[in-house]
Amino acid sequence: MQPESHPPPLIPHVEFKAAVVLVLALALIGGFLAYVMYARGVFESTQRLVLVADDSEGVKVGMDLTFSGFPIGRVQRIELAEDGKARILIDVPSKDARWLRTSTVFTMERGLVGDTRIRAFTGVLDDPPLPDAAMRPVLRGDASAEIPHLVATMRALLENLERMSGTDSSLNTSLANAQTVTERMKGRYGALAGVLGGEDNARKVITALDRSNALLASVGEVSAKLDRIIVKADERVFGTAGVMDETQKTIVQLDSVLRDARDSLKKADAVLAEAQAVGANARAATTDLAALRAEVEASLRKVAHLVDEINRKWPFARDTELKLP
Amino acid sequence: MRQSSSLHRGLIRIPGELGAAFLAWCASWWRVFHFGALALVMALSPATYDRENRAVTARQIYFTAWQVLPWFTLLSALLSIVLIRIVVATTQSYGLSQYALEMLVRVLVLELIPLLAALFVALRSGAAINTEVALMHIRGDFDALRRAGSDPLRRELVPRVIGSAVSVVALAAVSGVIALLLAYIGVYGFSPWGLAGYTRTVGHVFDPQVTLGLALKTLLFGLAVAVIPITASLETPREVRLAPVAVLRGMVRLFLVLVLIEGASLAVKYI
């Protein structure tokens, strides 16, 4: 198939054809590289999102962050922070960043089959948008990690069910009791026998009911008589020239008596006012009397002093008694 | 007594012969790497491409790439369609169809098509180059060229290496792009609405390491397809009856190297 080199066979436009092959290969490779770069988001402006997880197991570089099933971001780096938590750095293209709000919740789920998935849930799309380089915790839902817990809970549940359905379980006893009660209910006295626990008791209750019915009938008659008595009493009390009429007249008279009493009291009031004025005068008089008494006492002291003087100057006089005027 | 002494001599001779064979093996591989490096350097230096050399290189590209391109493209497209159908149907029956596209891209574009292109070029041009160079070597054409003041390496051998490298890369590129298109149609049908998801998956598969690995692997395939047969031809003693031996050794070694490159690339990627 390979031609002899010497002499080379003549091929039309060989250099052109070689150039076509070269250009075709280069164009395809270049175009494919450009497409891959576009697909990897090289030409997009992105914003950074940092998710903090307890465990980054299953997270790989290049993984998608999905929102409603649509990929809106890509894991760029995973690193271990100083506090021992895993930091997952995600690049979100600016055009998709509007789905992420401050209230967005991020979850990381690991199914039994397939990769770990990082998802974003935004409940309120009107919240302020998530800022660049925001740091958010990621909630971890691990199906395989849940299995032991699930199995333990299931076992407890099954044990409870088994205990409930056993022959001597309370549920079974209750059902047996219910059966007894319904058996009784099927008898002559129906539900009453079921509730009271036997036909004798039910019969007594029914007898008692009959008697009460009779009693109620006689009570009815008594109340009719009582009605009649009340009508008569009404006439006696509230009728013309009845008790109430007389009472009203007496009250009118009592009113005039009371008015007289009020006048008498007014007069007594005036008398008391005058007596009060007299009392006031007497108090003033008492004040003057005190001054008078002081003056008298002073005069007496002067007289006593004078008598002492005379007694000194008149030593012969033996009668020192002095007669007051 | 004489027998035992000859056996003794034979026993002494065996390790020496083994050592000599090992040394020859090492030297042979060394010549492969040396010639490969030399060819690469000459292919990359602009001085190689003078007027006459350009014509020779163009002829090599014409024979190894232009002539086989339509047939190879058709063949690889058919193979791709079959594989795509198998993968899509299987993943659908297992409920794993979301992984079908990624698997197709990885299996077809990254592994199968470059290997297929290299094997195709090896079968079509590698064997021809091997025979031709072996015959030229035995006939003494290279010595004649050398006497005429022309470098046989530059004039005859490097254009063949460039031709097969370009051929492998071009075939792999064309078939790879066609396989990508067929994979899109196979997974999404003729609807344009799968494009976003498709782009995302392709971007996911072709991270920088994988892309670089694919380029390197394809280039190595292209070089090996010409370099190993040429080295094997030049190593043969100049006897016409040994020409088939040269072709045999060259082709076996070439397949070994292709498998080794593919295995190494898989090991780097997945282990």
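Predicted model: local features only at pLDDT ≥ 70, side-chain atom pairs only at ≥ 80, totals over all residues.
Student: How do you know how confident the predictor is in chain B?

Tutor: Look at pLDDT, which runs from 0 to 100. The mean for chain B is 90, and 98% of its residues reach 70 or more.

Student: Which helices of chain B have the lowest and highest confidence?
Tutor: Helix α1 (residues 2-44) of chain B is lowest, at a mean of 84, while helix α3 (residues 69-93) of chain B is highest, at 94. For the model, the scores are ipTM 0.87 and pTM 0.64.

Student: What makes up the contact between the chains?
Tutor: Chain A gives 22 residues and chain B gives 30 residues. On the side of chain A that touches chain B, helix α1 (residues 14-39) of chain A has the largest share, with 13 residues. That side of chain A divides into 16 nonpolar, 3 polar and 3 charged residues.

Student: What makes a residue of α1(A) count as buried, and which ones do?
Tutor: The cut-off is 20 or more other C-beta atoms within 10 Å of its own. Val14(A), Ala18(A), Val21(A) and Ala25(A) are buried, so each of them meets that cut-off. These buried residues pack against α2 (51-66), α3 and α6 (152-188) of chain B.

Student: What follows α1(A)?
Tutor: Gly41(A) does, and its phi is positive, near 75 degrees.

Definitions and conventions
Residues numbered from 1 in each chain as written. Chains lettered and ligands numbered in written order. Helix = DSSP H or I, 4+ residues; strand = E, 2+ residues; numbered from the N terminus. Contact = placed C-beta atoms within 7 Å. Nonpolar A, V, L, I, M, F, W, Y, C, P; charged D, E, K, R; others polar. Buried ≥ 20, exposed ≤ 12 C-beta atoms within 10 Å, placed from the backbone.
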